[in-house]
Amino acid sequence: MTSSQFGFKSDLKGHTGAVYVLRFSPDGRLVYFGDSRSDLDDHVHAVNASTGKEVWRFAVNGHVAVRPAVSRDGKLVYFGAEFQGHDRHIYAVDAWTGVLRWRVATDGTFESSPVLSSDDA
């Protein structure tokens, strides 16, 4: 299944419209997405792909307007957050729990998804 074929009903409050920046876990069980619109809640979410139920959410101080990246082994989710000069960090969180593993400050904005090398660095 691809993101263009995916649709679900979710119990997430405030998410009434389409989400265009989603990424599946390698096994297809979870879907990760950020808040690409300013009227949402500045979180990255993981939801169960079968049920639409939220598994975790991770708060940031800005929007995640580009598709998260997922490590090949499915253990980490990478994304950048930025809005009007706030946050500007790249994050790595545990793909199954949403626990922060690391973050790095940047000087710029995020125009595309993170790109992972062959060793996911």
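1. Let's start with a term you'll need. A salt bridge here is a side-chain nitrogen of Lys or Arg within 4 Å of a carboxyl oxygen of Asp or Glu. With that in hand, look at Asp-94 and Arg-101, whose side chains meet in a salt bridge at 3.1 Å, N to O. Asp-94 is buried, with a relative accessible area of 15%, while Arg-101 is partly exposed at 48%. Those labels have cut-offs: buried is under 20% relative accessible area, exposed is over 50%, and partly exposed is in between, with a 1.4 Å probe and protein chains only.

2. A word on what you're looking at. This is a predicted model, where local features need pLDDT of at least 70, side-chain atom pairs count only at pLDDT 80 or more, and totals for chains, interfaces and linings use all residues. Residues are numbered from 1 along each chain as its sequence is written, and side-chain values use heavy atoms, with hydrogens and water left out.

3. Now the overall make-up. The protein chain has 0 helices and 8 strands; helices (H or I, at least four residues) and strands (E, at least two) are DSSP runs, numbered from the N terminus. Out of 121 residues in the chain, 40% count as buried. The accessible surface comes to about 6,800 Å², and 50% of that belongs to carbon and sulfur atoms; such areas come from the Shrake-Rupley method with a 1.4 Å probe, and for residues only the protein chains shown count as cover.

4. Contacts along the chain are worth a look too. A contact means heavy atoms within 4.5 Å. Take the contacts with a separation of 6 or more: 41% of them are between residues 24 or more positions apart.

5. Next, the sheet. In which order do the 4 strands of the open sheet come? They run S1-S2-S3-S4, with antiparallel pairing; two strands pair if DSSP finds at least two bridges between them. The edges are S1 (22-24) and S4 (54-59), each pairing on one side only. From one strand to the next, the twist averages 15 degrees; the axes behind such angles are lines fitted to C-alpha atoms, for helices over the stretch in contact, and angles run from 0 to 180 degrees between N-to-C directions.

6. S3 is mostly covered, with 5 of its 6 residues buried. 5 bridges join S2 to S3, and Gly-34 stands opposite Val-44 in S3. S3 and S4 also pair over 5 bridges, in the antiparallel sense. If you trace that pairing, you'll find His-45 opposite Arg-57, Ala-46 opposite Trp-56 and Val-47 opposite Glu-54. The hairpin of S3 and S4 has 5 residues between the strands, and there Gly-52 takes a positive phi near 80 degrees.

7. Two of those S4 residues turn up again. Glu-54 and Arg-57 meet through their side chains in a salt bridge of 3.0 Å, N to O. Glu-54 is partly exposed at 30%, and so is Arg-57, at 35%. The structure holds 3 salt bridges, and one of them joins Arg-29 and Asp-27 at 3.6 Å, N to O. Is Arg-29 buried or exposed? Arg-29 counts as exposed, at 52% relative accessibility, whereas Asp-27 is partly exposed at 43%.

8. On to the inside. Nonpolar side chains tend to be buried together in soluble globular proteins. A nonpolar core here is a set of buried Ala, Val, Leu, Ile, Met, Phe, Trp, Tyr and Cys residues joined through side-chain atoms within 4.5 Å. The largest one has 15 residues, and Tyr-32, Trp-56, Phe-58, Val-60, Val-77 and Phe-79 touch the most other members. S2 (30-34), S3, S4, S6 (76-83) and S7 (86-94) each supply at least two residues of this core, with S6 giving the most, at 3 residues. A second, separate core of 6 residues includes Leu-22, Phe-24, Val-31 and Phe-33.

9. Zoom in on Val-60. Leaving out residues up to four places away in sequence, Val-60 touches Asp-42, His-43, Phe-79, Ala-81, Asp-87 and Tyr-91.

10. Last one: Asp-35. Where is Asp-35 found? Asp-35 sits in the loop between S2 and S3, and it is buried, with a relative accessible area of 0%. Asp-35 and Val-66 are 31 residues apart in sequence, yet 8.8 Å apart in space, C-alpha to C-alpha.
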